[in-house]
Amino acid sequence: MEHLYFHIPWCLKKCNYCSFYSKQDFDFEQYLELAKRELSQFPDFSPKTVYFGGGTPSLLSSAQLSKILDLLDLSNVLELTIECNPADVSLNYAKELREIGFNRVSLGIQSFLESELKLLGRRATLEQNFQSFAFLREAGFDNISCDLIYGLPNQKLDDLLISLSKMVELRPEHISTYLLSLDKNVPLYTQKNFIPCDEELENFYLEIRETLLKTGYQHYELSNFCLPEHESQHNLAYWHGKSYLGIGYGACSCYRKNGKLIRTDGFGGDEEITTEKEEAEFIFLNLRLTEGLDTKVFGEKFCADFGEKYSGILEKYREFFSISRERVSLKTEAYFVSDEILSEFIIYE
């Protein structure tokens with residue numbers, strides 16, 4: 001196991017679209033003790049990637065973050081990421097993050113239109129979106145990821161293109177694009193009927209992809225783009241089915257224990273993952289990568305020939321797959337409808 005996730009379940013307020021676990025009260029000392037206790041079960045753990053997500057990790061001071069990092073053996077860390085709300089990033093805070101070891105920031109931009117930021121319930125203003133990015137650059141960060149949400153209620157293509165053009169002007173090393181998804185328990189759900197139709201959403205997706213490819217970004221995962229050699233190493237571990245440890249309420253873990261694959265739900269519950277479920281998830285996650293699934297790796301891991309075992313699905317959707325001797329991948333025209341296709345591989349239920 002080489003990957004570690006810290007979930008910081010602290011928000012000053014929830015955004016109007018968010019259904020992630022978070023709360024407004026946060027006891028740091030209690031969290032620190034929890035982290036110590038969970039990490040003590042893995043005494044030789046020396047992660048290659050560490051990711052602070054939330055919630056809002058940037059609500060923690062650099063001193064608090066440093067106390068968490070002091071619990072770790074960071075001698076092998078290649079990528080140390082923290083998610084930041086632009087409203088929390090001052091120049092001093094950005095410099096402190098660099099000083100304590102962070103080398104990557106995921107910045108929750110979401111939009112470059114003030115009206116959309118208000119609709120989403122974001123704390124950050126348009127000015128703070130720009131200013132926080134500038135502060136991170138000035139502090140020396142050369143690996144910044146920015147989030148962009150599309151498919152908002154009443155959103156037009158021109159609205160999306162404004163945000164996309166501003167994003168490209170900033171030139172972050174990584175861009176994550178998310179199609180808005182609304183659970184029934186979030187405030188914005190009441191406007192679900194005003195979300196653009198599927199045809200418009202697909203056009204949005206293709207416009208994002210075309211624009212970013214034209215400006216030098218690589219499309220390496222269905223929702224993620226990067227400049228060369230700036231893929232998210234932490235997220236690649238998820239997509240390649242690697243084991244990982246999650247710390248904190250709301251943080252899942254997945255690792256082998258006594259020969260069995262165990263997943264924790266982030267709230268104290270454990271689930272033993274069957275071989276069938278592990279295989280289905282491996283396929284689903286790997287086929288989200290534009291490079292696709294390595295059939296040799298699949299064969300070594302599951303003792304089966306991928307092409308033979310799933311010949312029926314591959315034949316059913318043959319116009320959507322690129323198949324070579326060593327790889328199976330989705331064609332570009334399948335990206336936006338990938339969930340329907342990939343769900344075919346989930347046969348364990």
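Two strands count as paired if DSSP finds at least two bridges between them. With that in hand, welcome to a tour in close-ups of this predicted model.

View 1. Follow the pairing residue by residue: Cys 254 has Arg 263 of β11 as its bridge partner, and Arg 256 stands opposite Leu 261 in β11. The hairpin has two residues between its strands, and here Asn 258 takes a positive phi near 55°.

**View 2. A three-stranded open sheet is built in the order β10-β11-β12.** The pairing throughout this sheet is antiparallel. Where are the edges? They are formed by β10 (253–257) and β12 (270–272); each has a single partner strand, so one side of each is left without a neighbour in the sheet. On average, neighbouring strands are turned by 30° against each other, direction ignored. Three bridges hold the antiparallel pairing of β11 and β12, and in this pair Ile 262 stands opposite Glu 272 of β12. Is β11 mostly covered or mostly uncovered? Mostly covered, with four of its five residues buried.

**View 3. Nine strands make an open sheet of mixed pairing.** Reading across, the order is β7-β8-β6-β5-β4-β3-β2-β1-β9. Strands β7 (218–221) and β9 (245–247) stand at the edges with a single partner strand each, so one side of each has no neighbour in the sheet. Neighbouring strands here are turned by 20° against each other on average, direction ignored.

View 4. Strand β7 is joined to β8 (residues 224–226) by three bridges, and the two run antiparallel. Look for His 219, which stands opposite Phe 225 in β8.

**View 5. Helix α3 has buried residues on one side.** Which residues of α3 (residues 91–99) are buried? Tyr 93, Ala 94 and Leu 97 are. These three cover an arc of only 100° around the axis, which puts them on the same side of α3. As a reminder, an α-helix has 3.6 residues a turn, so residues three or four places apart point the same way. The cover over the buried residues of α3 includes α2 (62–69), β3 (79–84) and α5 (126–138). Just after the helix, Gly 101 takes a positive phi of about 120°.

**View 6. Helices α6 and α7 run roughly parallel.** Two packed helices are described by the angle between their axes and the distance between the axes. For α6 (residues 157–170) and α7 (residues 198–214), the axes come within 11 Å and cross at roughly 25°. Angles under 35 degrees count as roughly parallel, and therefore α6 is described that way relative to α7. Their crossing is right-handed. On the α6 side, the residues that meet α7 are Leu 157, Leu 160, Leu 161, Leu 164 and Val 168. Their counterparts in α7 are Asn 203, Phe 204, Glu 207, Ile 208, Thr 211 and Leu 212.

Notes
Residues are numbered from 1 along each chain as its sequence is written. This is a predicted model: local features need pLDDT of at least 70, side-chain atom pairs count only at pLDDT 80 or more; totals for chains, interfaces and linings use all residues. Side-chain values use heavy atoms; hydrogens and water are left out. Axes are lines fitted to C-alpha atoms, for helices over the stretch in contact, and angles run from 0 to 180 degrees between N-to-C directions. Buried means under 20% relative accessible area, exposed over 50%, partly exposed in between (1.4 Å probe, protein chains only). The arc is that of the directions from the helix axis to the C-beta atoms. Contact means heavy atoms within 4.5 Å. Angles under 35 degrees count as roughly parallel, over 145 as roughly antiparallel, 65 to 115 as roughly perpendicular and the rest as oblique. A crossing is left-handed if the near helix is turned anticlockwise from the far one by less than a right angle, and right-handed if clockwise.
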